[in-house]
Amino acid sequence: IDAYFGRPVDVARFANSLKLTINNPSLDDAFKALMLQLPGEAEITVELATDVDAERVHNARKSVLKKISKLLIDDLIDIFKTRTVHGTYLPDTASCARRSLKGAALKLLSSADAGEAVQIATSEFEHASNMTAEMNALGSVLDIDGQAVDAMVKRFYERHHSDHLLLDKWFMLKAARARTADDIKALILHQSFTYKTPNRVYALIGGFTGGNLAGFHAVDGSG
């Protein structure tokens, strides 16, 4: 909220609390993952209540995340490395929690060092042995501009365009990455989009209106 109104934001104490939490061996990985998932733009918008500038919310949140993540960068990289497990996918509680924490760490890391995050995410994406790892890798860098991320999104489509459920996920990813409503209009004309599949419509339109507030609530009214 302070960042939104241009007031000074000191995140040192909060970042230190996060550091103590994620390095506490007695705490569950699932809890740590939740602690790293900081309030989203929708929650901030609700708190502001009236006359909200969605793009300003987006930029304010992004600036705060960058400050926090820079103070935790070594811890986040350590979490990613120590939670990487090779071998058979296991659906048990501990393994799910480990994957959640790994994904949350990579997502926050992307705010601190976009270049390193994209490099890590690209490798993770290409060598993913399960869909959770693949989606975590993609989701962590969606806010980062550049050809590397565009190539990952394209690769996801090439891999999974024949799977209807994963195709819906692709449209949702594209909606979240869209910069303007024109990008959504172009996706409506995509060969794989159809109004006959309600989930596809929800993935694209809902992904934009609910997951891309800055684009949907563009100042020029185009959203």
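Q: Is Phe-193 buried or exposed?
A: This is a predicted model, in which local features need pLDDT of at least 70 and side-chain atom pairs count only at pLDDT 80 or more, while totals for chains, interfaces and linings use all residues. Residues are numbered from 1 along each chain as its sequence is written, and side-chain values use heavy atoms, without hydrogens and water. Relative accessible area under 20% means buried, over 50% exposed, and in between partly exposed (1.4 Å probe, protein chains only). Phe-193 has 8% relative accessibility, so the residue counts as buried.

Q: What is the geometry of the aromatic pair of Phe-171 and Phe-193?
A: Rings of Phe, Tyr and Trp (its six-membered ring) pair if their centres lie within 6.5 Å, and their planes count as stacked under 30 degrees apart, edge-to-face over 60 and tilted otherwise. A search of the whole structure gives six aromatic pairs. For Phe-171 and Phe-193 the centres are 5.7 Å apart and the planes at 65°, which makes the pair edge-to-face.

Q: How many residues apart in sequence are the parts that this pair ties together?
A: Phe-171 is in helix α9 (residues 164-177), where helices are DSSP runs (H or I, at least four residues) numbered from the N terminus. Phe-193 is in the loop between α10 (181-188) and α11 (198-211), so the parts tied together are apart in sequence by 22 residues.

Q: Which ring lies under the charged end of Arg-56?
A: A charge sits over a ring if NZ of Lys or CZ of Arg is within 6 Å of the ring centre and within 35 degrees of the ring normal. The charged end of Arg-56 is 4.2 Å from the centre of the ring of Tyr-4.

Notes: Helices (H or I, at least four residues) and strands (E, at least two) are DSSP runs, numbered from the N terminus.
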